[in-house]
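Okay, hi everyone. Let me put the model up, and then I'll walk you through it.

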Number of protein chains: 2
Amino acid sequence: MAVTIHDVAKLAGVNSSTVSRVINGKATITPDTKERVYAAMRELDYHPNSLARSLASGLSGAIGVVVNARDAEAFSNVFFSRSLFAIEQAAQARGYQVIIANGAQSRGGTIEALMKEHKVDGLILPPTTVKPALMDTIGDFPYVVLGTPDTLRSETCWVDNNNEQGAEMAVRHLQKQGYQCIAYLGGHQKRGFTKRRIRGYQNANSGTETILNTDGTAENAYTLAFDALKTDDHPDAFVCNDNLAAFGLLKACKELHLSVPQEIGIVAFDNYPLAEYMDPPLTIVDIDTAMLGEQSVQLLFRRIENKVGNQQIMLSTNLVVRASSERKAK
Amino acid sequence: MAVTIHDVAKLAGVNSSTVSRVINGKATITPDTKERVYAAMRELDYHPNSLARSLASGLSGAIGVVVNARDAEAFSNVFFSRSLFAIEQAAQARGYQVIIANGAQSRGGTIEALMKEHKVDGLILPPTTVKPALMDTIGDFPYVVLGTPDTLRSETCWVDNNNEQGAEMAVRHLQKQGYQCIAYLGGHQKRGFTKRRIRGYQNANSGTETILNTDGTAENAYTLAFDALKTDDHPDAFVCNDNLAAFGLLKACKELHLSVPQEIGIVAFDNYPLAEYMDPPLTIVDIDTAMLGEQSVQLLFRRIENKVGNQQIMLSTNLVVRASSERKAK
DNA sequence: ATCATCTGTGCAAACGGTTGCACGATGTAA
DNA sequence: TTACATCGTGCAACCGTTTGCACAGATGAT
């Protein structure tokens, strides 16, 4: 049915191994022969069967991106999808396919299946999957964790943005703007990156320490912020764990007639598309998700080619200053 | 190196073809034999090589999801990533892998490569790729378009939500709430789904027709809405093409001290995570992205199994009524 | 008891490439 | 001229499955 390498070989008057070598460019071939092969390929509209290729070469030509999302909302968070965009781009540039696999850990087997059934040559994993059991089965199969694992931090291979540094930067910025009493708002305490952001907050904070952890919703952030702001000695600035928290906070400020940034300063993590349209526009600790995605793929390829051992890459974050924290500005 | 079907066969004392039949369950096998094979598989921790399997069976066991995103923002739009979540889920339930491929049309070849190199058994395509040239090369390869193609609408296979009906529903709802002069705000005119929403708006609208197309940004929506609302006989309600447009509109209303929903009613397409936290919470024409994704995969599988010809599936939308359009409520 | 049918399993040929080895032709140095 | 690399290509084994065909033994009908 489909045209194979043998058909091309016959038409070009050479052996199929020669065609293979022309395609892969690994051997020296007479320009004349090469031309005849190319011509035959063109004439027959030949496309090599990647499955046969993979079987023979032992390489699937794909990488797997594992996600751990319960629902569509978790899956569609900007952090993840922006990184995925960069991952796909970098992989495509190297001729690799990207396979996404959600909820891979739940059945306890999908990650293992992806590797052992030779569906992928390497994996990009979320930090939550990093557990001793998995690391045992993964052996020296190439993988990169996108984020900092809570455990086995120094023995695994990962790429992350520096959340601690980001929070420190946020606090220092607020301090420079003259805010005195800075609080931290939002995020589940149990999540690693929240913990690290809070640590950064604590490192840089010199005033009273106020940490208001939420369940992750804007609603909850609103409630907690409202209560905190009602008190007499309320905080005059907040570092928010994400845009949702900042959104709840803004609402609370509005209702209590506290002006932002005059009375309350706000810096939030994550640059949501809406952040700059908020009222006032939000100052943001921006995570370079594109760089994060790209670096993770590059590192993964180095691992696949066995050029390096486990490595850790920490990218720094950027502060995007907007009106919500610029006291002098207004 | 890796354990193969032959190792299992040897240990179980049978032929490898028997092992294959046990795995695939297509033939009748003596319970006793079956048990021995399973035991051997367990003992050796055998995982069938999917590449060899695919080569022999001619099926890759993967579907490709093609996207057309220039940048990370376009890629991470909630519509797409929510659908992708559902697609992945439905595919996984059938034991299929999901491969994502971005910008596949640009090089003019990636879609073709995915099919002709046997990387996928079927494709989910964005409407923008549907052009006569592609349909020629795609032949009877299984595919489903996620959205309504602008061309070849009746000859292609697609799944979409009923944008026209959604807009009609929005207008009728606003009319019932007593709004008289309803405008349409947002969206590029050239995009198919925007056109269809506008058609729905026109179908149901009985007052003056006002269509304010934007470049897609909240900024632009703000500007256009501001100008429109400054006039004496300004609209008293808007159907917004997306949440961003609604966001710009809300800002304009606030600055002009027009209260929502008393003076201005708003309904917007797409249920962004922040929509219900806005002030006031937005009434939404909700698209069931999960259903959209699932239906497209189910249809694709029917095509792969050659059970059906090209089909079109149109899903209706739901109105989620919140404060932004409930005049009587407040 | 005989013959036809059915069941479970083995054999071997695909599936469509890659690649180590061999070998003739050509080039280079003595 | 001889001896020895080097280069380009063919041969054939191999990657790990699936599957059509064959066949022996069990089953059932007559």
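How do the residues of the surface near DNA strand C divide into nonpolar, polar and charged? They come out as 9 nonpolar, 13 polar and 4 charged. Here Ala, Val, Leu, Ile, Met, Phe, Trp, Tyr, Cys and Pro count as nonpolar, Asp, Glu, Lys and Arg as charged, and the others, Gly among them, as polar. "Near" is a heavy atom within 4 Å.

Quick housekeeping. This is a predicted model, where local features need pLDDT of at least 70 and side-chain atom pairs count only at pLDDT 80 or more, while totals for chains, interfaces and linings use all residues. Residues are numbered from 1 along each chain as its sequence is written, chains are lettered from A and ligands numbered from 1 in the order in which they are written, and side-chain values use heavy atoms, with hydrogens and water left out.

Back to the DNA. On the DNA side, 66% of the atoms within 4 Å of the protein belong to sugar or phosphate, and the rest to bases.

Now some individual distances. Thr33(B) has a polar side-chain atom 2.2 Å from a phosphate oxygen of DNA strand C. For Asn24(A), a side-chain N or O atom sits 3.0 Å from a phosphate oxygen. Thr30(B) goes for a sugar or linking oxygen instead, at 2.7 Å from a side-chain N or O atom.

Next, the two protein chains. What area is buried between chain B and chain A? About 4800 Å², with carbon and sulfur atoms giving 64% of it; that's accessible area (1.4 Å probe) lost on putting the two parts together, summed over both. In chain B, Leu51(B), Phe85(B) and Tyr277(B) lose the most, together 15% of what that side buries.

There are 2 salt bridges between the chains, meaning a side-chain nitrogen of Lys or Arg within 4 Å of a carboxyl oxygen of Asp or Glu. Asp45(B) makes one with Lys116(A), closest N and O atoms 3.0 Å apart.

Within that, Val98(A) stands opposite Ile100(B).

Key
Two strands pair if DSSP finds at least two bridges between them. Helices (H or I, at least four residues) and strands (E, at least two) are DSSP runs, numbered from the N terminus. A polar contact is a pair of N or O atoms within 3.5 Å; within protein, one must be able to donate a hydrogen and the other to accept it, and residues adjacent in sequence count only if both atoms are side-chain atoms.
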